[in-house]
Protein chains: 2
Amino acid sequence: MALYVQKFGGTSVGSVERIHAVADRVARSRAQGHDVVVVVSAMSGETNRLTSLGHEVAEEPSAREMDVLLASGEQVSVALLSMALTERDCPARSYLGAQIAIHTDSNHTRARIEDIDVTSLRADIDAGVVSVIAGFQGIDAEGNLTTLGRGGSDTTAVAVSVALGADECQIYTDVDGVFTADPRIVENAALLERLTFEEMLELASLGSKVLHPRAVEFAGKYGVPVRVLSSFGEGPGTLITTEEGTMEKPVVSGVAYSRDEAKVTMLGVPDIPGVASKILGPVGKANIEVDMIVQNVGADGSTDFTFTVKREDYAKAIRLLEPLKESLGARELIGDDRIAKVSVVGVGMRSHAGVATEMFDALADESINIQMISTSEIKISVVIAERYLELAVRAIHTTFKLSDGQLMEE
Amino acid sequence: MALYVQKFGGTSVGSVERIHAVADRVARSRAQGHDVVVVVSAMSGETNRLTSLGHEVAEEPSAREMDVLLASGEQVSVALLSMALTERDCPARSYLGAQIAIHTDSNHTRARIEDIDVTSLRADIDAGVVSVIAGFQGIDAEGNLTTLGRGGSDTTAVAVSVALGADECQIYTDVDGVFTADPRIVENAALLERLTFEEMLELASLGSKVLHPRAVEFAGKYGVPVRVLSSFGEGPGTLITTEEGTMEKPVVSGVAYSRDEAKVTMLGVPDIPGVASKILGPVGKANIEVDMIVQNVGADGSTDFTFTVKREDYAKAIRLLEPLKESLGARELIGDDRIAKVSVVGVGMRSHAGVATEMFDALADESINIQMISTSEIKISVVIAERYLELAVRAIHTTFKLSDGQLMEE
């Protein structure tokens, strides 16, 4: 008898059939004696359709009204799922963000949750009713509808779990859980049974699409166990929890990658204070997200300054920096929009100095040249030419023995 | 400088282009110095789409959740219209039924408005902001979403007008206003400049689709002037107001009809008390709406009992009554599902006995047999064979000189 918050994304409620499948699953958890609170996203495609509609009507749609528009998406799915549950003799009750109430700040289209009133949810649990909550949306202090932006429904699910003190926040997706590497690239990638929040955070940021970093961060802050599992299969998925709860950790948990990267390099910049901000200032102002930054000091008192951006921002970044070249006294502005980033992640590497060497060796054995390196406490990332991406991921995966059955040996 | 509540139906906001046209019209009223509060329906087709979706998910969808589902329709249109207005430098702000708040009873899918909090609307008017209100929806005392059922958005518009003491409630439709007869049948039908609430009520009930009877009744009760006008054209439309405000009334204002009728007759029923309720009881229990009821006492102590129903209910009504024939001692059960109803409406006929004769003469001149007659204070209805419908409407229209330019002479 546990209390589970179960979150179903857009694909999981994308059609009438899928909604019935979700209702079956929720009803099954109830039949097993668990208390269940559900959070759902808009049916897949709906948020995009509404966004387009807004942009058809106005060039710069009012953010307040955009939130009213988008919030209608989850309204449809909570109503449909509640109907499907009720028809299964599983009493259910839908709640919009405003109804329960999910209080947020007033930053339309990217609001942050401040507080959740769980009175109705508690009453429902006591009465054996499944609360079906619209994810992604809330209400501000003035009663305006707000939406939470990307990863919003995941964040709602975690916030509801925190507010209720749920035993587990279960995020149902279209994959079986988190793997040691992308199974489309590494055939024998293994499903991870457990991960820490920090590891998941690095994996989520690095392109693993299963769980939004914002939700992971939130869950980690409050220590709510999160389980990522398939809404189609029956597996146990991956449990994300604090380090304390885990058994002895493997050094490396997984290999992540990000394909759509580009790098920009300003060659031969005079090595004087303020150069970095002069280069990155205009980039940031143009809302271009910068990921890795590397600066090497040369012998001649000049430096090479390199950073990576999303591939879609590459042309814009080059255009912005071209006029700066002369004023900075730089020798040349070059770039490459055919690069990729590969990373190994694992809390175990904190106390294990050899991981970087092992990783670099694996790449060298395949004659893959490393263009940039960036490290954090639990992550090592390298930039390589995009064409070597799959080869690199497989090589690293093998080196760290991440395949099924090998994890235990580590 | 007046305060107008302007209501736009589903067709008027049925596409991005239409929404822009509505925004232009609202902005124009504002530019003329008027204060405007807007009520909108869901985009045309949307309510049907959502209803189907609900019935796909559940055989008997929970009424509470059906309301949550349907209310998402207007949410989309208020957001889009507010965006379009804001882009025209016409400050606007959307409100859902729950937000302003439109308090209703808890009868899901057919709730009644109990109270409207106009604080926000007043503040908007003072600030020069156009409030854009979602029609058709409200919130009950427990915070559940409700919808008002058929004619809901018209009702919202009237209720908002009453609550604000608006100078006029303007119902924008896809017709130019209310005509003396259906222009598709009577070529020279005239646009009515004015009508009383009672007349409009009879016309609305009789198949004139422009304004829901419920909204007319509401407006009449509180004496809010209602104007029906085209959201595409520029005409003044038809003003519906109390009798006092009108000039000398023509005897007859218009000719209405209803095509989809059927009649059921139980012949030779013993003329004893309780027969009527024995016949109509099962019909009412089966949720079949009965319109006209006529009973004639014959010389032999038996009676013929006839009533009309919607054509779609005809077969069901016959099926229900067949087993009753014997127990009632009736001679025969007969029916006709190819009949139509034609009515003349006008407050003037209260004091004018000759209207019925004139109407019956007009029909006799065309050799149209009258099958049933029913009268109210301001209405006379006859049932005729459906094939004579157009002929009858035209004949009556001509008899009462309702064509353009003739009204003044009456």
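## Two chains in a predicted model

Ala101(B) sits in the loop that links α4 to β4 (102–104) in chain B. The model is predicted, and in it the peptide bond running from Ile100(B) to Ala101(B) is cis, with omega near -20°. A corresponding feature is found in chain A, where a cis peptide bond joins Ile100(A) and Ala101(A) at an omega of about -20°. Ala101(A) is placed in the loop between α4 (97–100) and β4 (102–104) of chain A. Most peptide bonds are trans, and most residues other than glycine have a negative phi.

Lys401(A) is not a glycine, yet its phi is positive, at about 50°. Lys401(A) belongs to the segment after α13 (389–399) of chain A. Lys401(A) counts as partly exposed because 17 C-beta neighbours lie inside 10 Å; the cut-offs are 20 or more for a buried residue and 12 or fewer for an exposed one. In chain B, Lys401(B) likewise has a positive phi of about 50° although it is not a glycine. Lys401(B) lies in the segment after α13 (389–399) of chain B, and with 17 C-beta neighbours inside 10 Å it is classed as partly exposed.

The contact between the chains takes 29 residues from chain B and 29 residues from chain A. On the side of chain B that touches chain A, the elements giving two or more residues are α1 (16–31), α2 (46–57), α3 (63–87) and α4 (97–100) of chain B. The largest share of that side comes from α3(B), with 15 residues. By type, the residues on the side of chain B that touches chain A comprise 16 nonpolar, nine polar and four charged. Of the interface residues of chain B, 100% are also interface residues in chain A, so the copies meet through the same surface.

The largest nonpolar core has 251 residues, and the members that touch the most others are Val38(A), Leu81(A), Val38(B) and Leu81(B). When residues up to four places away in sequence are not counted, Leu81(B) touches Val13(B), Ile19(B), Val22(B), Ala23(B), Val38(B), Val40(B) and Val132(B).

In chain A, strand β6 (residues 130–134) is largely enclosed by the rest of the structure, because five of its five residues are buried. Burial extends to both faces of β6(A): Val130(A), Val132(A) and Ala134(A) lie on one side, while Ser131(A) and Ile133(A) lie on the other. Two strands pair with β6(A) in the parallel sense. One is strand β2 (residues 35–40) of chain A, joined to β6(A) over four bridges; here Val37(A) stands opposite Ser131(A). Strand β3 (residues 92–95) of chain A also runs parallel to β6(A), over four bridges, and Ser94(A) has Val132(A) as its bridge partner in β6(A).

Strand β9 (residues 168–173) and strand β11 (residues 226–230) of chain A run parallel and are joined by five bridges. In this pair, Thr173(A) stands opposite Ser230(A) in β11(A). A pairing in the antiparallel sense, over three bridges, connects β11(A) with strand β12 (residues 238–241) of chain A. Val228(A) stands opposite Thr238(A) in β12(A).

At the level of domains, the assignment for chain A gives domain 1 (3–174) and domain 2 (255–409). The centres of domain 1 and domain 2 of chain A, taken over C-alpha atoms, are separated by 37 Å.

One residue of chain B was also followed individually. Ile125(B) is part of helix α5 (residues 119–127) of chain B. Ile125(B) is partly exposed, having 17 other C-beta atoms within 10 Å. From C-alpha to C-alpha, Ile125(B) and Leu3(B) are 9.0 Å apart in space, although 122 residues apart in sequence.

Note on methods: Residues numbered from 1 in each chain as written. Chains lettered and ligands numbered in written order. Predicted model: local features only at pLDDT ≥ 70, side-chain atom pairs only at ≥ 80, totals over all residues. Core = buried A, V, L, I, M, F, W, Y, C linked by C-beta atoms within 7 Å. Contact = placed C-beta atoms within 7 Å. Domains from an automatic or database assignment. Nonpolar A, V, L, I, M, F, W, Y, C, P; charged D, E, K, R; others polar. Pairing = 2+ DSSP bridges.
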